[in-house]
Structure formats: structure tokens, C-alpha cells
Amino acid sequence: MSAQTKAPADWSGVILKAYVALFLGFMFLPILLMAGAAFNANPTPSALDWRGFTTDWFTGRTDEAGRVLVRGLPQETRFLQGLKHSILIALGVIAISVPLGLAGALLLTRLGGRATGPLYTALVSPLLTPGIVLGVSTMIFWRDAFGVQAGLFTAMLAQSCFIASYCMLMFMARLQRQDRSLEEAALDLGASGFFAFRRVTLPYLAPTIVAASAIAFLQSNENYNTTFFAIGSSWTLVTEIGARMRFGVSPTINAIGVIFILLTVVFAALWAFSLRKKTA
Amino acid sequence: MQGQEVALERLGMRFGEFTAVEPTDLTIKAGEFFSILGPSGCGKTTILRMVSGFQRPSEGRVLIGGQDMTALPPNKRPTALIFQTLALFPLMTIWENVAFGLEAQGVPKAQRRKRAEELLDLVALGGQEEKRPAQLSGGQRQRVAVARALAVEPAVLLLDEPLSALDLKLRQHMRAELKTIQRRTGVTFIYITHDQGEALAMSDRVAVMRAGRVEQVGPTEEIYNRPATSFAATFVGENNLFRGKTTRAEGGLAEISTPFGLLRGENADSLALGEEAMLFIRPERLAPARPEHDLRLKAQVERADLEGPFFNLFLRAGDQRILLQLPNEGATPPEGEMELGFSSRDARVLRAGALAHG
Amino acid sequence: MGEMIRFYGRFLTGLILALVAFWFCALILMPQISMIQRAFHYEARDGAAAQAVLEANRLQQRVATMEFDIRALEREVAAGGAGAAPAAPSPSNPFAGLPSPGAPRPGFAPSPGGAAAEAPEARLERLKTEREGLTASIAGARAEAQRLRAEEVAAQGWSLRNFTLMSPLHWRIFGLTLVYALCVTVLSFLVCYPIAYAAAQAKTPRRTALLLLALTIPYALNELLRIFAWTMILANQGLLNQTLDALGIIDLSQGGAVRWLASNGSVFLVMVYTYMLFMVFPIYGSLETLDRNQIEAAKDLGASSWRIHWRVALPHARPGVAVGAIMTFMLAVGSLSVPQLVGPGLHPDWFSQIVNRNFFESNNWNVGSAQALLLLVSCTIFIFLVMRIFRVGIREIAR
Ligand SMILES: Nc1ncnc2c1ncn2[C@@H]1O[C@H](COP(=O)(O)OP(=O)(O)OP(=O)(O)O)[C@@H](O)[C@H]1O
Ligand SMILES: [Mg+2]
């Protein structure tokens, strides 16, 4: 009987495997193509129409007189400026959303009672709101209420709004695993609430604070839809890439992509390494 | 360090409709080793949390050293709690754990360190200062928790089943150690346990609780020898139980009619004629019938287990099971039918009520 | 609350409350209120009244030109009509062509064709009557503008006009966008479910980890770069067309390139690719807790693979599917990046592009707010529907 039922099960397994393979191709092919085009001398990004290997899109090329022959990353000042803006915003987002997320998580895990349901819904709602709505509403609010024009500041706030929710969920997951009696023990030994928090709870949360900051940084840099609306006439690396995709692509975008990939690989390796070290 | 008196005045706790602790009056003397004994869920931890300040009572007051503590938060009370889970700080070293209370008071580091070392010596953990809790054994962790609590020089130390996680040998060892520490420091200990052996071995006085109510308070011999309720009689130690109706009550004795004839015992509840009653007789007070025994019954030996100094004889008479402890004097235990006897002065007749085991 | 103060003390509790209050009020609630305010606040701009004012101004300008001509002609008539040679028609700009008093210049002829033959006196007469007519119509136009303006002013303020005055085309686009987003959600589920299943039921934890890592790596890349990679494939000279060309299906050299970009199919494809993780991970999360033995048991009972999925795995994945659907729908419906960058020239636009245009091109913030509000409301309704259909609560959704 089991031989009878084995056969179809195996078939579905084969199909599933084939599908997974196909799927991985679907995931990685575009990225490989994009990376390839970063090294192609062809000024239209393409991995197929090969015109020779070059790293000019990374380094740029100038003649002796200093005239620009190929506009590479060093010449693309708007990209560089955008990167600076992106990092500024991301740092601001970390500074805002990690404390907000932590406060929300503490309130929700410690409050108890009937109020937590609606409060929870309210604080995670930005995750379920389209990014464009967050961007638009932040831009409008700061201009209508305070006359603040859209810019880096509003982009930072718009991003913080939903990134804080991510942070909050991470902190809540950690706090729910915490042994409440640790804090109680601290209080019982005469510590003030603040001292107990600083000396017991905060060290316990430290790994999550690091993780939440990393997530906040990545999310902030990744974000387009919200930032596009909230940033006004300024720009970040990502909105600038978007602008360039609409008005004249160049393989420098591919070069940026390659750098992103390298950074990812390096960080993933470091992460894996630190994990291995911890378990060893 | 000097122990202080703890007084509960009509202290009660309700969670919504559910009453965890009924209004209770209880006074624990300064420097006493006091145990609260009761089955799981009877409200022991709740009482402790009200004394330490983590739980605001729904009624009544807590007084420590004569002062009303009811409104004070835990960090303002002269109590220290040893948690059921110990709650050692996992990220701190042992000495930092012990010195935590001093750190919170702002004591300089050198002084803290010195005090922590003294206390660790007191609990026989000298030289382990730099380890972390995860690197210690269960018993060692237990002692760190004690040292940490003593560091703040509490007047009252509250211990919530601190030994429940340890194995039997270690538990016995720690009992003695806790007792020594209590004698040496003079701090009032309120000790919570559901292990009656532990309570009897360590305490000066014991409170027996059931379902949010204190059933009996008294010195350990009184709790064991003169249980006040059927629950206390069966929860503390082993007891043989015979049910019946009261047929006579005079001269401090009560007589009940059972399938084995009339049995007599001390009329502890002043029972009247015709009341449903329970007669309790400890296994060690039962013996093969001797002339001085005024009460006798016949039973069949089913099994004899050697416990070292004595045998546990399991007997049966009809539906009635009987346990008898026979001193081990080198002879083989009896078999088959035997006649048992006991003296009515050793038996206790109580009003029929709840029992500890079903 | 009292519990919390006892726990954390006044200072810390106050700080926590203040932070949460700031987050909720300044970052979540107030911005939404501002947006909603604008959405229900009608602001008349470049409407009929403004048109009427423009028309009146234009007439006024023509009268001014005429006045100038009349004065020139009058001078000419007074001088006896000598040397009246009309100049070549020059652009009639009365302000640039203001004459300097000492040097009279020939006037501008409103109708260059017949002007040469006409006698100056006759022309003067004709111009004067024309001027009368024009002046009268200016007065009319001004009155009309005033009336329209008053009407618009009356209409300003709280109203539903931002919604009711939205063109039928925009409503249609809104509806289509919802349908599209639904399509993307369904597609994404179909693509992702087998992967999530494969990851959750992989033979070894190592394989699960590898598969998940493979899924995550493309996501460490920027959303826009992911889109960009696809535009390279879908471009006219991109990989897809080149492959088709190599297979002889199309002929690129003859201009037979298929225009993949700027089609809804491409937008769907790229959206599925871009937002896939939000579908895979929730489903993986709930399938992971599915006991492998259950599946084995079902297999042993002779259930077909379809049946196993339909009766065992899918019901178990319910909360994950709900979360994935909500996230994907929300991302798709509000996505500006994909339609904007994959489909420049896409027709019709996606709704997010319309919103974008109202904010940044026609500078019509209130209408844009109304449209953003529509997006928000449709997402909210979608969430409630999914929660109903899949019978899950909010706690299970945001994790
Ligand atoms: N915060 C609370 N809300 C509702 N009920 C509670 C709460 N805390 C305790 N209880 C209930 O009160 C009763 C007594 O609890 P308590 O923790 O005092 O028991 P315990 O005697 O310490 O039991 P154990 O020996 O198992 O530790 C239990 O039935 C428990 O369910
Ligand atoms: Mg307890």
C-alpha cells in the first residue's frame, strides 16, 4: 500500500524541487545581469551588448587636463550628496524610532488591561498604511501646522513613523520572553524604577537595540515611496536613483548596485561569523 | 541586622470574582522562622507579594515593625524576597548580583565589593565572585540569592519555595544551611513551601493554608500532633482516617461508630451527638495490640516496605486501608492477619471536612 | 497605569508615556488628520471663474491695442493722410511697441488684409465701433467672472467636492488600481506559497536556512535596484527581446521588438518580484509550526498532494496567508516606484501616479489628499475583509 502512495508523492517532490530551482533563477538572474552591466563599457546599461570590461563606472575617467571623459561615481555628485542625505536621515530615524519603539513596547507589555488592544492597533497601524499615504500626510502636516517645508526633516519623520512600529514589534518579542521577576528582584532590593531599568532591563534588551537599529538603518535607506513624497525638493540616494531611472539611466546605477551587493555579502558573512563564534 | 515583627490585619486579595486570599489576621514575631504551608494555588505567593509590596491588597493592611507598609512600593520596604525562580541577574557576575542592592543605594564600589565577599563567605561561596549565575550549580545559585537578599540588611526575608528546584540531598543540606543563616542573622524569615517535611524541619511556627484561608497556625509540634482540621491532619504527615457518626461525647473524648466497632479519640472540635466525624491516628501510634491499648481492630497485612529505621505496613480491613509504622528491631515483619491497637489519647476526632488528597 | 508607576517610578513612566504620546500624536494621528482635513476642504483653483477673468483680461488687452491704433489714426487723419504706408505686420504687442512721442510710427492694422485699401477715416470709424462693442463685452465678461467667483467662494470650505469633482477617468483608474493590486496579491500568493512550503518542510534545518538566505539576499538590495534590474531585462533591447530574437520568434533588426515595459503585465511581474518577501515570510512562519507528522499521516492515509495542501497545509497557513495578502495588497496599491519606473508611458496610470501628479505637477494638494485618503480607506477595508475571511485577529497580523 505504501508503495502505491509513494509514487505520486515523489512526483510532487520533484515538481517542487524544479520549481524551487526555477524560482531561485528568477530571484538571482536580474541581479546578476545588473551586476554584469556595471562592468560593461556600453553606456546603456546592458549585460548582453558587451563592449569590453571596464571599471570606469566606479572610478570615472578624466584626462590629464582634468576634463571628464567618463562620468563615474566620483563625478556623480548628486549620488554622493544623496548618499550623505540617506545616511543622515537613517541616523535620525534610528535616534527617533528606536526609543519610540522601545517606549511603545514597554507600555504595551507592562500596561495590561483593556487599553492595550486599541493602543496596539494604533501603534502598528503605520505598518499597514501605504507608504505614499504616510509620506503625503507627513508633508502636509508639517507644512500646514508649522510651515516646515518638505525636506530631509520631514522624510526622517515620515520614515520613523512606520520604522518605529517595526522596532516596537522586535522589542515586544524580546520583552515577552523576559523573566519579569528580574525587574521585581531589582526593585525589591531597593532599586528605583529607573535604576532597575538601566541596570537590568536595558542590558537585557541590548542585543535587540542593536538589531532594531540595523533594521531601522536598512529600512530607511531602502524606502522610496514614503520618502519620495516627504522629501520635497531634496533627495536621497534612492530617490535620486529613481529620478535617474526616469530621466537617463547610466551604468553608474549598476555600479551602486554592485557596491550594495558587496556590502550585503560582507555584512552577512560578519553576521554568520559572529553567530558561529557565539555558539562555539 | 535585626528582625522585625510582621502583622497582617484582615489582609485579603481578590482578582475580580476570584478570591485568592481571604481576609487574614496573622502575626509573625520578630526573628522568627515562620513557614506558610499549603498546596499549589492556595494563595501563598499572593500573601508574600502583598508583604513585599508587589501586590496591592484588595483589603486590609500590612505592618512591619509596627509601621503601616500597605501603601509603600517594594523598594521602600525593609523586606527582601527570594523568588521562586531565584531571579538572579544573568548578565552580572556573582559579586555584582550580591552587591546590587548596595549599588542601588549608591555605595562606592570598593565597599560594595568587600561586603559582597563577606556575604559570599557567609554562604560558603568565597572565591566564586567573578563567575556568572549560569556557571553555578543549583544549590550555589540558591545561596547567591540568599546572599543578595541579605546584602540590603532586610528586617524580613521572604522566601518563595526557594528549594523546590533542587534535588532531595541538596534540599536537605540547604534546609540546614538556611536555618543556620537565620539563627546567625536574627532576621525574620517567612518561608513558603508546599513540602510539609520542610516546614516541620525548619520552622518555629507554621501556618497551614487551604484555598486562600489559613486553617491553623502554631508551633510545629502542635501542627503535627494536634491538627485543627481534617485538612491539616491529612496535609501534614501521614494519618489514618476512620469515618463515622458521633455516638458519645464526654470527658474530652468522642466516640464514633465505624464498621470496626466503636472508636474513641480526643474530641478536638467539641462535637455533639450524631455529627459526622473523622478519627485520625498517626501510623507511628498504631502498633500490634498491647495491654495498655484501649482500642483494637483486626486487619490483613498486604505489604511491608522497609524504610530503614522502620517498616511501613500496609493493611486492609474490608474497604479500610491502614498504614502502620513498625520500628525495625531486627525481626521479620508480621504477615497475614494481625490485631492492632492504639490508645484513645493518641487519636483525634475532628468534624468531617476536606482532605488534602482527594 | 498605577501598576506601571509602582514599577518604573514616576520619571520613567512619564518618559515612556511622553514618547508614546509623541509618536502617536505627532507622527501618526496629526498627519492623518491634516490630510483628511485637506481631503474634505475644497479649494477653487483654475476653475471657471479664473477662466472668465482671463478672458476679460484678454479683451481688455485688445481694447488697449485698439486705443493705440485709434490714436495713431487720428493723428494721421489730422496730418492729412500723407505718407500712410502701412508697415509690414509686426507682432501686436502694445506694451513693447509703445511709441516715443517725437517719432510717430504707422499703426498696427488689426486686419492686415483689407487695411491697405481702406481710407483712414473709414478705418477710424470702424475701429471706434468695434471698440464700443468690445468694451461692452468686457463689462459682461467681468460680471460673469464675478458671479462665478462668488459661486466658487461659496463652494470653498468643507465639502465632498474633492471627491465628487474627481473626473470619471480618475475614478476608473482608482477602481482599476484596486483590481490590479488584487491581481498582484493573488499572483504573489501563487508564486510564493510553494517556496514557503519548501522552506518550511525542507529535510534539514540547513536547507531551510539556505533557502531563506537565498530569498533574503536580493532584498538586501534596494527596492529600486531590484526594479532597475528588471527594466534591463524588459527593455526593448533587453534580455527578453534578445532571447526571443535568438529563438527567431521576433526580429529585432526589423524593429520587431516587443514593448514589454509600460505594460501592466510587466508591472505585475516586477511587483511580485519586488514585494515577494512580504508574502513568503509570513506564510513560512505559519507553515513552520505545522507538524511534519501531520503531513506524513495524511500521506499514509493515501491523500494526494493536492488534498494535503488543501486540507492540511493551507488551513494551517491561514494566518500567514492573511498577513502576506494584507502586506502585498497594501504595498501594491500604494506603490509609486514600480508603475512609475517600469511603466513610463503606461496607460492608464496607476492611482499612485495620479496622486503624485496632483501633489507635484498640478500642485493640487487637497485633491491629492482626497485621493491618498481613498487609498488609505481601501487598504483599511481590505484589512478588515481579510481578517473576516481568514478569521484572524490584529495580534496575529502584526508580528
Ligand atoms: N494576577 C493574578 N490574576 C488572577 N489570578 C491570580 C493572579 N495571581 C494569582 N492568581 C490566582 O490566585 C491563586 C493563588 O495564587 P498563588 O500564586 O498565590 O498560589 P501559590 O500558593 O503560590 O501556588 P504555588 O505553590 O503553585 O506557587 C491561584 O489560583 C492563581 O491562579
Ligand atoms: Mg507560588
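Colleague: Which domains is chain B divided into, and what do the bounds come from?

Modeller: Chain B splits into domain 1 (6-230) and domain 2 (231-351); these bounds come from an automatic or database domain assignment. This is a predicted model, where local features need pLDDT of at least 70, side-chain atom pairs count only at pLDDT 80 or more, and totals for chains, interfaces and linings use all residues; side-chain values use heavy atoms, leaving out hydrogens and water. Residues are numbered from 1 along each chain as its sequence is written, while chains are lettered from A and ligands numbered from 1 in the order in which they are written.

Colleague: How do you know that domain 1 of chain B and domain 2 of chain B are in contact?

Modeller: Contact means heavy atoms within 4.5 Å, and 19 residues of domain 1 of chain B meet that rule with 16 residues of domain 2 of chain B.

Colleague: What makes up the buried area between domain 1 of chain B and domain 2 of chain B?

Modeller: About 1,400 Å² is buried, 62% of it on carbon and sulfur atoms; buried area is the accessible area (1.4 Å probe) that two parts lose on being put together, summed over both. On the side of domain 1 of chain B, Tyr224(B), Pro227(B) and Ser230(B) lose the most, together 45% of what that side buries.
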